[in-house]
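Trainee: I would like to learn how to read helix packing in a model. Please start with the general idea.
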Amino acid sequence: MLAAGDPAPKRRVRVDEPERVLRLAANTPGELLDRLDEAGSGDGPCRIGIVGPDERKLATARKVLAKVAAEGRSWHGGGDIWCSVDPVLPNGKIAFVHPGLEAGAEPRIDDVAKHFGLDRPQWSTASVLDRAASVSATGLVLDEALRRLAIRPDALAGHSVGEWTAMQAAGMYRAEPGLLQRYWPGGFELPDADYLVLGCPAARVAELLPGDLVVSHENATKQTIVCGPPDAVAKFAETCRGLGIVARTLPFRSGFHTPLMRPHLAPFARLAAELDLREPALPVWSATTARPYPADPDEVRELYLVHLIRPVRFRELTEALHEDGFRAFVQVGAGQLGSYVTDTLGERRHLVVAAASGTRSGLAQLRRVATALWTEGGSTDFAALEPRQIRLTTGNSLLTLADSARGLLDDHALPAGVPDAIVAEFTALLTETRRTAADVVAAAASRRIESTVDVSLAAMPYLRDHRFFRQREGWPDESDFRPVVPATTLVDLACRAVERAWPDTTAVAVRDAVFSRWLVASPAQRVPLSMSREGDRVSVEIGPYALLTVELGAFAPPPSPAGVPGPETTPPLTAEEIYAQREMFHGPAYRGLSRLTGLGEQHIRGELVVPEAPGGLLDNVGQLLGCWLMAARSDGLLAFPRSIGRLTWHGPEPAPGARLGCLVRVRLPRPDVLEMDAELVRDGRVLASIEGWRDVRFPCDRAAHRVYAFPDRHRLSDRRDDGSVAVTDRWPTVAARDIYAGIYLSAEERAEFAAVPPRRARGWLLERIAAKDAVRARLAEPVYPAEIRVHDDGRVSGRGRTLPDFAVTVELTGDTAIAHLRSTP
Amino acid sequence: MTIDHASATFDIVAELLTELVGDVLGIEITPETTFHEDLQLESIDLVTFASILTEHFGAEVNLAEYLAEQDLDDVIGLTVGDIARFVGERTCPR
């Protein structure tokens with residue numbers, strides 16, 4: 001059938017007639033050939049699509065069809081013809097693959113943006129950042145345009161920066177404006193490293209690679225990219241060319257996807273920590289792991305960073321997608337990414353088509369995408385490509401695959417899993433890459449210092465005053481208290497370690513500090529600490545727990561102290577009451593709140609006395625922020641530091657006992673995020689300024705906070721008339737559940753909880769909370785939840801105390817668990 | 001390089017290319033035919049063609065070195081004539 005286009009407007013000189021697309025479908029190749037001679041409607045798995053058909057193309061199409069019929073292999077795009085007698089869709093899945101940075105690759109998409117009413121993104125290659133922003137913005141426009149054509153991917157993936165585009169297209173996060181200003185206020189800095197594109201397999205590269213270069217991308221079976229210092233790259237390029245290997249240097253420098261990025265990681269880590277991550281609308285695959293992104297936001301943040309320092313394994317990703325049933329790959333942009341897929345998959349059946357081109361107009365290219373997918377059995381809305389005023393409805397029958405075509409994939413067994421030899425080769429390659437990466441780190445950063453930190457109550461006795469959870473006096477298991485190293489103690493630890501490593505230096509500022517997970521001191525552990533220095537900046541990594549940049553030098557002159565920002569009232573509680581009522585959970589070594597002097601809409605002021613614990617002064621700035629939260633809000637009352645933008649000292653940190661004034665200015669950029677700027681003033685002089693300190697808030701209302709503060713005397717459940725107790729789930733995230741599990745479970749039970757399948761975790765915890773509360777509701781005296789052990793058969797026993805012979809029956813309905821207590825004989 | 005040698009070389013290069021891209025479309029390969037736009041080949045295909053040339057003419061026909069000398073960023077703009085000339089120079093009987 002012919003999909004008629006828009007007749008050319010009559011009175012204009014320029015004629016913009018959209019190309020027509022001839023699409024024919026039939027049950028057999030022979031039938032299809034007949035249709036080609038005498039166009040007629042029909043349906044079936046054998047399809048041919050010709051863009052802009054004319055006599056010459058029709059003649060070519062006959063030859064194409066004869067070849068496809070004889071060989072069974074599809075024809076994709078040559079001569080503007082697509083043809084398949086054995087379609088890969090709809091049984092196969094569709095992946096959108098977003099390109100990364102390439103030489104050239106400027107797509108023509110102005111007409112696409114105009115046609116679909118989307119903003120036309122700017123294209124600039126002035127800097128690596130501009131290039132990345134251009135590729136991403138273009139990708140998002142094309143992604144939207146493809147969806148308007150009713151082309152629905154089953155998953156998204158990307159190459160390098162394209163992976164970020166894919167994440168955004170899936171709704172995992174949105175690129176916030178002002179990104180540069182927030183994370184790179186002093187300018188965006190990258191390593192000065194060249195990329196060399198080599199026309200050979202990664203295994204061959206591994207044989208030749210000198211120690212000062214690393215593999216940064218394995219693009220395809222026949223293409224590998226290495227990265228390193230420009231002179232070393234130039235030398236290696238000559239070596240390769242001498243061996244007949246095509247080698248060319250990319251026209252931009254950076255060290256992404258190599259260990260060279262390590263010293264530049266801190267701002268990215270903070271960015272990742274602060275991303276407002278959402279569940280993706282559809283799976284996004286990572287080229288770092290060659291698997292879909294993990295579901296847990298913290299793991300996503302981790303992978304986001306790992307992606308910056310590990311090679312892009314696009315070849316392996318392509319293999320994995322194919323293995324998972326992906327057969328159609330739509331390249332969401334111009335460039336060569338699709339050719340990597342084709343090179344890797346070779347003879348295996350698949351379709352690759354680019355959604356944009358550097359030479360053809362955007363809509364013309366999309367018409368080819370639609371034709372390609374339709375020919376391979378996919379469904380697309382061709383009418384969406386036509387000018388608005390005469391949108392045609394094409395018959396749907398042609399656009400779906402007939403039943404007779406289903407199961408075609410079953411008849412032609414696909415190659416089984418990747419052969420062992422390839423797996424072995426890849427494993428060897430990875431080992432090699434890791435080894436070389438280590439060498440590069442050693443060579444390029446002789447200023448890198450590795451050590452370990454003893455994190456235990458013996459080494460850090462003050463952590464007894466920074467226990468998250470309360471237990472009965474004399475409770476034997478320290479881990480049930482969860483003593484945690486506070487973020488500010490980690491900052492202090494990093495500064496002191498840097499000063500020890502480079503004697504006669506002073507740590508005067510910290511920036512881009514990120515605290516990724518709790519660093520727990522019981523059981524004791526040794527945590528790796530690594531420092532890499534570039535000029536006056538030292539990037540400090542404390543295991544997987546924290547990453548920050550310490551700046552060395554002279555103290556910056558202090559700004560003049562800020563005035564009181566707005567009207568204020570007397571804070572509802574005094575500093576003594578804050579600790580006595582456990583609004584703040586801290587023990588003496590971390591207690592520094594001395595007076596709370598004023599509470600405003602968006603600020604709080606107080607006086608602090610420097611406590612004994614290292615980092616204790618800054619911890620109290622965080623506590624003051626917590627006091628504002630407790631006074632000003634009724635939910636989300638538990639908040640813990642996630643990142644600090646910048647901390648500047650204007651003089652040496654004062655000794656314990658010194659008294660300071662503190663002003664905290666509060667913002668709530670998102671419901672789950674609390675942000676502050678703060679200022680510490682001593683003797684009328686600003687001693688330290690804090691910018692962009694962010695806490696993450698956890699679901700916790702007043703009543704739940706009382707349970708957190710005094711778990712022996714309060715319950716999360718409500719008592720019902722019949723004597724049973726009911727508890728409703730109010731902790732939807734894994735991280736929030738972890739807190740309530742900490743309040744209610746002992747070490748042994750936490751181990752059981754960890755082994756519960758993720759789907760069951762919510763219900764399991766609710767049932768335990770309800771069971772323990774049912775027992776506690778019956779007893780006259782205060783009992784900590786960890787003192788009660790609930791067994792699988794409903795019996796309960798005391799831990800370190802005797803309990804009456806109780807058994808509990810728990811029913812879980814939706815979000816609510818109801819527990820009945822019964823006496824056992 | 002003699003005219004005969006040049007035209008014989010071109011014919012062989014054109015034949016090798018036709019084998020690579022197929023002859024269904026009936027594209028007439030001339031010295032002006034471009035790799036990227038006319039033949040729809042990408043950088044990665046050039047790698048394949050480089051090894052085809054080496055296989056046929058021997059190791060002295062090293063396309064990798066030629067591309068570096070020409071300071072060619074990419075296949076964009078590369079013509080069959082360019083390649084044939086290079087092959088001709090390298091294989092010229094002295």
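Predicted model: local features only at pLDDT ≥ 70, side-chain atom pairs only at ≥ 80, totals over all residues.

Mentor: Residues are numbered from 1 along each chain as its sequence is written, while chains are lettered from A and ligands numbered from 1 in the order in which they are written.

Trainee: At roughly what angle do the axes of helix 4 and helix 5 of chain A cross?

Mentor: Helices are DSSP runs (H or I, at least four residues), numbered from the N terminus. Axes are lines fitted to C-alpha atoms over the stretch in contact, with angles from 0 to 180 degrees between N-to-C directions. Helix 4 (residues 128–148) and helix 5 (residues 161–169) of chain A cross at roughly 40 degrees, their axes coming within 9 Å. Angles under 35 degrees count as roughly parallel, over 145 as roughly antiparallel, 65 to 115 as roughly perpendicular and the rest as oblique. Helix 4 and helix 5 of chain A are therefore oblique to each other.

Trainee: Which residues in helix 9 of chain A meet helix 10 of chain A?

Mentor: Contact requires C-beta atoms, placed from the backbone, within 7 Å. Leu265(A), Phe268(A), Ala269(A), Ala272(A) and Ala273(A) in helix 9 meet residues of helix 10 including Arg301(A) and Tyr304(A).

Trainee: How are helix 9 and helix 10 of chain A oriented to each other?

Mentor: The axes of helix 9 (residues 265–274) and helix 10 (residues 297–309) of chain A come within 9 Å and cross at roughly 155 degrees. That makes helix 9 of chain A roughly antiparallel to helix 10 of chain A.

Key: Helix = DSSP H or I, 4+ residues; strand = E, 2+ residues; numbered from the N terminus. Contact = placed C-beta atoms within 7 Å.
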